[in-house]
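This briefing sets out selected structural features of one protein chain for computational work.

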Amino acid sequence: MGRAGCCCCGAERLASPSLVRRFRPLLLLIIALCCGAHIGQCQVATPQCRIQKCTTDFVSLTSHLTPAVDGFHVEFCKALRAYSACTQRTAKSCRGNLVFHSAVLGISDLMSQRNCSRDGPTSSTHPEVHHEPCNYHSRTQHAHTHSHTHAHTHSHSHSHSQPGYLFCGLFGDPHLRTFKDSFQTCKVEGAWPLIDNDYLSVQVTNVPVVTGSSATATNKITIIFKPYEGCTDQRVYQAVTDNLPAAFDDGTVSSGDPIHISAGADGATGKVRALWISERSPGHHVELHAGYIGVTVIVRQLGRYLTLAVRIPEELAQAYDATQDLQLCLNGCPRGERIDQGGHLPLPLSPPALGLQLQHLRRPGYSSQIQLSPYGTTQVFSVEGAKERCREQLEVLDIYFHSCVFDLLTTGDANFTVAAYSAQKDMESLHPHRDRWRIYPRGSAISTLHRDSQPVKLLALLLLGSLRAAFM
C-alpha cells in the first residue's frame with residue numbers, strides 16, 4: 001500500500017542512477033510490456049507521484065507546436081525545461097516508479113537531440129492568458145480554461161480536451177492522403193475540391209501526364225481563406241506551374257493586425273499577423289500560415305507539377321453543410337476515379353511512358369534519355385530500375401516509396417522521386433500523430449507483417465536489442 005511503481009519486482013533496484021543508464025532500453029521495454037498489455041496490474045502512479053500530471057502538462061504545452069512554424073525550437077525547449085522541473089518536484093514521491101524514471105531519461109534524450117540548454121526560461125502551465133481572438137490556439141486555450149474552471153464549479157460538467165488536428169496531402173500522379181489517413185491514387189482530371197468548409201477552400205486542377213495513361217498530376221492550386229470577422233477579409237492564393245508566388249492574388253503577403261509575440265530560432269521576438277505567407281525557396285516552396293484558424297498549408301513545385309500538404313483543426317474541417325460534401329480530403333476520391341484497388345496500387349504491366357519512349361528510341365539519333373522539356377529528362381525505367389532510383393531518396397518502403405515507383409514507371413520523369421520524398425517530409429512536419437505516419441501497400445509483405453505479427457515480432461526485436469544493450 002502506498003508504494004509507487006510498476007508491477008515488476010525489483011523496481012527500486014533497477015531505478016538506481018547507474019543501472020538506469022545501463023538498462024535504459026530494457027526499462028522502456030518493461031514499461032511497454034507491463035503498461036501497454038492492458039493487464040490491469042500496473043500502477044502508473046500513486047496520488048503522491050505526479051508524473052502523469054507532468055506528462056499531461058508537457059503534452060498540453062507542445063500539442064499546438066509544429067516544426068514548420070518559426071519559434072518551434074525555442075518553445076519546445078522551454079516546454080522540456082518545464083517538464084524536467086516538474087519531474088524534479090515530484091522525484092521524491094516517485095522513487096521506484098519506472099514510468100517516472102523513463103520520463104526523466106526521455107527528457108534528457110530529447111534535450112540532447114534538440115540541443116536544449118538545461119538553464120533558461122520555461123513554459124508556464126498556468127500562464128497569464130491574454131485572449132487573442134485572431135489566434136486559434138489562444139482562442140481555444142481560453143475556451144478550454146474557461147470550460148475547465150466551469151467544470152470544477154459544476155461537478156456534472158464535462159472537461160474539454162485540447163483541439164485535434166487533421167492532415168491531408170496530394171502529390172504525384174496524383175496520390176491523395178485523406179484526413180482519415182486513407183491513401184488513394186486517383187484520376188480526377190480537371191478541377192476538384194480538396195477542402196471546402198466555412199473557413200477554407202482548396203481546389204486543385206489536374207492534367208494528364210502522359211498519353212495512354214489515366215494518371216494525372218496537379219498544375220494549379222487555388223486556396224481561398226474566407227473572411228473572419230475582426231481578423232481578416234477574404235484572401236485568395238493561386239499557384240500554377242512556373243508561377244509559385246509569395247503573395248496573394250491582390251499582391252499582399254499578410255492580412256490582419258499583428259496579433260501575438262512569436263519567438264524565433266535565435267530567441268528574438270516579433271509580432272505576426274492573422275494570415276501570412278512565407279517563401280522558403282523562391283519558385284519552389286511556399287508556406288501559408290492562417291493563425292486565426294490554426295491552418296498551415298505547404299505548396300511546392302517539383303518538375304512541372306505541384307504538391308500540397310495541409311494541417312487543419314478537426315473542428316473546422318467538419319464545419320460544412322450538405323452542399324459542400326464533395327471534398328477529396330474528407331471523403332476521398334469517387335469510386336469511379338480510383339486507380340488503386342482498395343488501397344493496393346498495381347504497377348503498370350506495360351508502362352505507358354516506357355512504350356512511348358521505346359518508339360522514339362527506335363528512331364536514329366535518340367539516346368536512352370530524351371530531353372522533353374526544360375524540367376529535365378525522361379528515362380526508360382524497368383521495375384527494378386525504378387525501385388533503385390526511389391531508394392536513393394526514400395529509405396522506408398511504405399506507400400510513398402510504392403507511389404514513387406508507380407510514378408517513374410508511368411511517366412519516366414525522375415522529378416516524381418523528389419516529389420514523393422518532399423511529400424513524405426511535409427507529412428512528417430504537419431501530421432499530428434507520429435504513430436500513423438507509415439502506411440504500407442495492402443497485400444505487400446510489409447503490410448502483412450504490420451497487420452498480423454507486428455506486436456509479437458516488434459517486442460521480440462526490442463527484447464533482443466535490450467538484452468544486448470544491457471550486457472554491453
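R235 is located in strand β7, which covers residues 235-240. The model discussed here is predicted. With a relative accessibility of 11%, R235 falls under the 20% limit and therefore counts as buried. The chain as a whole contains 14 helices and 16 strands, and 46% of its 472 residues count as buried.

**Surroundings of R235**

- Apart from neighbours within four places in sequence, R235 is in contact with I223, I224, F225, F248, D250, T252, S254, S255 and L275.

**Chain-level totals**

- Among contacts in the chain with a separation of 6 or more, 60% are accounted for by residues 24 or more positions apart.
- The chain has an accessible surface of about 24,200 Å². Carbon and sulfur atoms contribute 53% of that surface.

**Helix packing: α4 with α5**

- Two packed helices are described by the angle between their axes and the distance between the axes.
- Helix α4 (residues 51-62) and α5 have axes that come within 9 Å and cross at roughly 170 degrees.
- The angle is over 145 degrees, so α4 and α5 are roughly antiparallel to each other.
- On the α4 side, the contact is made by I51, C54, T55, F58, L61 and T62. On the α5 side, F76, A79, L80, A82, Y83, C86 and T87 take part.
- By class, the contact of α4 with α5 consists of ten nonpolar and three polar residues, with no charged residues.

**Helix packing: α5 with α6**

- The axes of α5 (residues 72-89) and α6 (residues 98-113) come within 10 Å, with a crossing angle of roughly 150 degrees.
- This angle is also over 145 degrees, and α5 and α6 are therefore roughly antiparallel to each other.
- The crossing in which α5 passes α6 is left-handed.
- From α5, the residues L80, R81, Y83, S84 and T87 meet F100, A103, V104, I107, L110 and M111 of α6.
- The contact of α5 with α6 comprises eight nonpolar residues, two polar residues and one charged residue.

**Positive phi values in loops**

- Most residues other than glycine have a negative phi.
- D181, in the loop between β2 (175-177) and β3 (183-185), has a positive phi near 65 degrees.
- The relative accessible area of D181 is 15%, under the 20% limit, so D181 is buried.
- V188 lies in the loop between β3 and β4 (190-196), and its phi is likewise positive, near 35 degrees.
- V188 has 2% relative accessibility and therefore counts as buried.

**An exposed loop residue: E392**

- E392 belongs to the loop between α11 (383-391) and α12 (399-411).
- At 58% relative accessibility, E392 is over the 50% limit and so counts as exposed.
- E392 and V418 are separated by 26 residues in sequence, and their C-alpha atoms are 9.9 Å apart in space.

Notes: Residues are numbered from 1 along each chain as its sequence is written. This is a predicted model: local features need pLDDT of at least 70, side-chain atom pairs count only at pLDDT 80 or more; totals for chains, interfaces and linings use all residues. Side-chain values use heavy atoms; hydrogens and water are left out. Axes are lines fitted to C-alpha atoms, for helices over the stretch in contact, and angles run from 0 to 180 degrees between N-to-C directions. Helices (H or I, at least four residues) and strands (E, at least two) are DSSP runs, numbered from the N terminus. Angles under 35 degrees count as roughly parallel, over 145 as roughly antiparallel, 65 to 115 as roughly perpendicular and the rest as oblique. A crossing is left-handed if the near helix is turned anticlockwise from the far one by less than a right angle, and right-handed if clockwise. Contact means heavy atoms within 4.5 Å. Ala, Val, Leu, Ile, Met, Phe, Trp, Tyr, Cys and Pro count as nonpolar, Asp, Glu, Lys and Arg as charged, and the others, Gly among them, as polar. Buried means under 20% relative accessible area, exposed over 50%, partly exposed in between (1.4 Å probe, protein chains only). Accessible areas come from the Shrake-Rupley method with a 1.4 Å probe; for residues, only the protein chains shown count as cover.
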